[in-house]
Amino acid sequence: MYPELNHEQRSAVVAPIGPVLVRAGAGSGKTRVLTLRIRHLIAEHQVAPTSILAVTFTNKAAKELRVRLRELLKERSRGITSGTFHSIGLRILRESIAGRIKGYTQDFSIYGEDEQRQLAQTALEQWTGRPPLVLEPEQVLSRISRLKSRMLTPQLATRVAGGDGQAAYVAGLYDTYQRSLRKHNAIDFDDCILLPYRLLSDDPELLAEYQARWRHVLVDEYQDTDRAQHGLITLLTAVQPRSLFVVGDAQQSIYAFRNADHTIITQFGQDFPDAHVVELVTNYRSRQQVLDAAHAVIRHAQAIHVLPLQAAQGPGQPGTVIKIHELKDGRDEAEWVARQAGELIRTGRRPRELAVLFRTRHMSRGLEQALRHARIPYAVRGTAGFYDRRVVRDVLAYLRAIANPADSLSLARIINLPARGLGGVALEQFTTNAANHSLAPGLALFDGRCYAGLKPNAAIALRSFAGMLGSWRDKAARGYPPAHLVADVLAQSGYDHWIRTALPEADRPDALSHLQELQTAAEEHDSLAAFLQEIALMTAVDDKEDERDAVQLLTIHAAKGLEWPIVFVAGLEEGTLPHERAFAEVRGIEEERRLCYVALTRAKEQLWLSWAAGRHRGAPAKRSRFLDEIVAYGQERSRQPAVRS
């Protein structure tokens, strides 16, 4: 059975139904194992495809999984539910939130960073009394996100805070923020997990329905889960026999800043004492020298299970796989990278076969400059996404106001865009009238009482806007295609005309092309709700593949899950990698160690490692401990220097 698999992969695929943990090292074929496990459940255990739930972390991974399942299972793949944690959570909410969580309908909006920042700022401004610490809106959102990832509601956060004044302050801001979301019939990204968890925890009958629907649950990249995601999965699989199959590698847990908790995967055996554990240790990506370098770093980890990997391919020539180089400063390092990249390209390598990884975004500037001067094509990945463009966000605000009448923030963004003669005084009067009648502004537009006190011209402009909005809502309710709705909004609102006449001439071509691309994206969906939901689920880790033949520049975090024949890792000095912020605690260094491991294991054939003796304005720097560990391990194995520094 499964002759195409190695012994360890086969053991994972045919493991008995129950809790199964697959510790899958980098490049060990985990996606193949996951898809074949699903086929095994269907073919050998007669499991109905409709009873299978497969969960991933990124939209890209979910799409890849669906493609592989279609190739493997053909028509039988149709009934399988697959998607990201957040898309699965949203499915539960769309189906079940109405009537169960006060203030919400199934047409709720999903607020992005801009709207969240506005609500956090409002919470800060509404705080009465002297705050015990100074927080910016972004810091408030980070702390609220951390609380949600720990499954704490505002009430629980207040209780946990006890006599801690700062924690109580954050809990109070959280409460105000959450009330504002509810008022707008909106949720944020973290609510996609926390609210389904609340729904299922509070309603045993509803939980039983979903448990019956998804009897077999499979989760990819389990090392990246947070407590709320783990809690949701535990709830869904709390039936006997528990059919839970998780794949992950604690060595690659690098998203603590997104509240990922590597202890969840390391404690899997404690949470599920009857768990079956399989280790995938054969690497099909990298040469053994690359894996040895990565192991040299990760073997010193204290908090995770270390998994030594064995390369399936033969080793490269000694001295040609890993190179370490010391440079004078950051500029010297960038120019060295450009020279080496240029030489590799001249000797037959394609630019897209090369990647340059770095710890922090700001390091890309010098590298970009050096590559540009050397006339080497490059692409910076992980930069501002398409849906972050101003004109795109404007049109999306129109669409959200159409879909969700309670979404006052989206309405406020576009009610006078382009200008309709609605000044601040008129809008304030209208908003006050709406509040006096306990109506959301999106509904107050259709209530004549809310026009009281407005000047005639303002009332005419507002009624004209209400007429357009009402027409668009009627069309959306009748299943009008989203692409046609976008076209109507652009033409009828005057936004397209405003772009062509009022926007600075230099900005018009890009703005118009962005709007055309938005319409193209909308054509892929049959309903406005589905279109808006997909956009809301777009994340930084879903950076699109860059198909240009160019050297790839990106942070190590953005490189997770990717691979290239040749990888440069720049900035390997103390204070950069590991980052200076990590020095304060062992846990921080542990995360940096895993980050370095991920960087090294992106390389298939060659690793070029560099450090600058004086990166920051000439201040002396020390070579990264990780480089020292790589050199020391090479000496241990060969009793002579395996790499030159």
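I take axes as lines fitted to C-alpha atoms, for helices over the stretch in contact, with angles running from 0 to 180 degrees between N-to-C directions. Helices (H or I, at least four residues) and strands (E, at least two) are DSSP runs numbered from the N terminus.

Ground rules: this is a predicted model, where local features need pLDDT of at least 70 and side-chain atom pairs count only at pLDDT 80 or more, while totals for chains, interfaces and linings use all residues. Residues are numbered from 1 along each chain as its sequence is written, and side-chain values use heavy atoms, with hydrogens and water left out.

**Entry 1: helix pairs**

I started with α14 (residues 288-298) and α27, which pack at an angle of about 180° with their axes 9 Å apart. The two are therefore roughly antiparallel to each other. For contacts I used heavy atoms within 4.5 Å. On the α14 side I found Val290, Ala293, Ala294, Val297 and Ile298, which meet Arg593, Arg594, Cys596, Tyr597 and Leu600 of α27. I sorted these residues into eight nonpolar, no polar and two charged. My classes: Ala, Val, Leu, Ile, Met, Phe, Trp, Tyr, Cys and Pro are nonpolar, Asp, Glu, Lys and Arg are charged, and the others, Gly among them, are polar.

Next I checked α21 (residues 456-477) against α22 (residues 482-492): the angle is about 170° and the axes are 11 Å apart. That makes α21 roughly antiparallel to α22. Here Met468, Trp472, Lys475 and Ala476 of α21 meet Leu485, Asp488, Val489 and Gln492 of α22. This contact divides into five nonpolar, one polar and two charged residues.

My last pair was α9 (residues 191-202) with α10 (residues 204-213), packed at about 110° with axes 5 Å apart. That makes α9 roughly perpendicular to α10. Leu199, Leu200 and Asp202 in α9 meet Pro204, Leu206, Leu207 and Tyr210 in α10. I counted six nonpolar, no polar and one charged residue in this contact.

**Entry 2: domains and a pocket**

How much space lies in the second largest pocket? I got about 510 Å³. A pocket here is an open set of points on a 1 Å grid over the protein atoms alone, with protein on both sides within 12 Å along at least five of seven lines; a cavity is a set where a 1.4 Å probe fits but cannot get out, and lining residues have an atom within 4 Å of a point. Points are joined across faces, edges and corners, and a volume is the space filled by probe spheres set on them.

The second largest pocket has 22 lining residues, with Lys183, His184, Ser408, Thr431 and Pro441 nearest its centre. Domain 2 and domain 4 each give at least three residues to that lining. The largest share, five residues, comes from α19. By class I logged 14 nonpolar, seven polar and one charged.

**Entry 3: cavities**

I found four cavities of 30 Å³ or more.

Most residues other than glycine have a negative phi, and most peptide bonds are trans. I flagged the bond from glutamine 240 to proline 241 as cis, with omega near -5°; proline 241 is in the loop between α11 (227-236) and β7 (243-248). Leucine 577 and proline 578 are also joined by a cis peptide bond, omega about 10°, and proline 578 is in the loop between β15 (564-569) and α27 (586-600). Methionine 151, not a glycine, has a positive phi of about 65°. I placed methionine 151 in the loop between α6 (137-149) and α7 (154-161).

Notes: Angles under 35 degrees count as roughly parallel, over 145 as roughly antiparallel, 65 to 115 as roughly perpendicular and the rest as oblique. Domain bounds come from an automatic or database domain assignment.
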